[in-house]
Amino acid sequence: MSGNRKRVRLPEGNIVRGLFRLARGDGGGIREFGNTTEAFSASIAPLLAFPLVSAVLFGLTGHWLLAVVMLLSRVCGVLLQPVMTELVARYRASRATWLVTSTALNWSIWLLIPLTLIGGIVSTGLVSLGIDGRYAVIGSLCGSFLYLLWVQCLIMRAGLRLTWLFAVPIVIGMNILIATVCLEPFLVHPSLMALIVHPAVN
């Protein structure tokens, strides 16, 4: 990932405040994230640590080969986002701000935590209104995912100076590609989920 020689130095603010501003639709919230390799490393480290820990725990059940395959697929999925962001920035001549854009996208994943909590409250309310529990859960999950996509489109638009016409398909395509890479082990090994849920220690 090249093009950092002309990188714009932005003063690092508060990550939580940045996420809150982005969640409210304020594209200026991206300025709260650092445009440095250190800030980027801090944002991507947890996303790489979780697959590593999960792979080790799964490997301890005796399925080390599958654990390594899962780890590699998850790591590739995590790294796809910065790679694609840099490519888009290079095409749009916005390479000076691609790093802060990628950093903000990494942190935006953690919005799933409050979104899941809110979705649980919403789905409970829908069930109390007589809506089938399955549809209520599916509806809340879809709503949370669409909201996260909107936030990520806002980040791409603010960070790389894209129009919504460009940002939306790029973010959707990026997430489809990431999901495909991360889910590939489950497609190749259909019983993998059963092994994870009910591991048989060898």
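**View 1. Arg-161 in the loop between H6 and H7.** In this predicted model, Arg-161 lies in the loop that runs between helix H6 and helix H7, where H6 covers 133-160 and H7 covers 164-188. The phi angle of Arg-161 is near 55°, which is a positive value in a residue other than glycine. Most residues other than glycine have a negative phi. With a relative accessible area of 54%, Arg-161 is exposed.

**View 2. Leu-162 and the largest nonpolar core.** Once its neighbours within four places in sequence are left aside, Leu-162 is in contact with Val-88, Arg-92, Met-156, Arg-157, Ala-167 and Ile-170. Leu-162 also belongs to the largest nonpolar core, a set of 34 residues in which Leu-22, Phe-33, Leu-111, Ile-155, Met-156, Leu-160 and Leu-162 touch the most other members. At least two residues of this core are supplied by each of helix H1 (15-23), H2, H3, H4, H6 and H7, and the largest share, eight residues, comes from H6. Another core lies apart from this one and has six residues, among them Ala-55, Phe-58, Ala-67 and Leu-71.

**View 3. The largest pocket and its lining.** The largest pocket holds about 910 Å³ of space. Its lining is made up of 27 residues, of which Ile-109, Leu-112, Asn-175, Ile-178 and Cys-182 are the closest to the centre of the pocket. Helix H2 (37-59), helix H3 (64-91), helix H4 (98-108), helix H5 (112-128), helix H6 (133-160) and helix H7 (164-188) each contribute at least two residues to the lining, and the largest share, seven residues, is that of H7. Sorted by side-chain class, the lining of the largest pocket comprises 19 nonpolar residues, seven polar residues and one charged residue.

**View 4. Cys-182 and the cysteines of the model.** Cys-182, which is among the lining residues closest to the centre of the largest pocket, is buried, with a relative accessible area of 17%. The closest cysteine sulfur to that of Cys-182 belongs to Cys-76 and is 8.7 Å away, so the two are too far apart for a bond; a disulfide would require the sulfur atoms to be within 2.5 Å. The structure as a whole holds zero disulfides. Cys-153 likewise counts as buried, at 5% relative accessibility.

View 5. Ser-73 is found in helix H3 and, at 8% relative accessibility, counts as buried. When residues up to four places away in sequence are not counted, Ser-73 touches Val-181, Cys-182 and Pro-185, and the span of helix H7 is 164-188. Ser-73 and Thr-180 are 107 residues apart in sequence, while their C-alpha atoms are 9.3 Å apart in space.

View 6. Although a nonpolar residue, Ile-121 is exposed, with a relative accessible area of 64%. Between Ile-121 and Val-137 the separation is 16 residues in sequence and 10.0 Å in space, taken from C-alpha to C-alpha.

Definitions and conventions
Residues numbered from 1 in each chain as written. Predicted model: local features only at pLDDT ≥ 70, side-chain atom pairs only at ≥ 80, totals over all residues. Heavy atoms only, no water. Buried < 20%, exposed > 50% of the residue type's maximum accessible area, 1.4 Å probe, protein only. 1 Å grid on protein atoms, 1.4 Å probe; cavity = no way out; pocket = protein on both sides within 12 Å on 5 of 7 lines; lining within 4 Å. Points joined across faces, edges and corners; volume = space filled by probe spheres on them. Helix = DSSP H or I, 4+ residues; strand = E, 2+ residues; numbered from the N terminus. Core = buried A, V, L, I, M, F, W, Y, C linked by side-chain atoms within 4.5 Å. Contact = heavy atoms within 4.5 Å.
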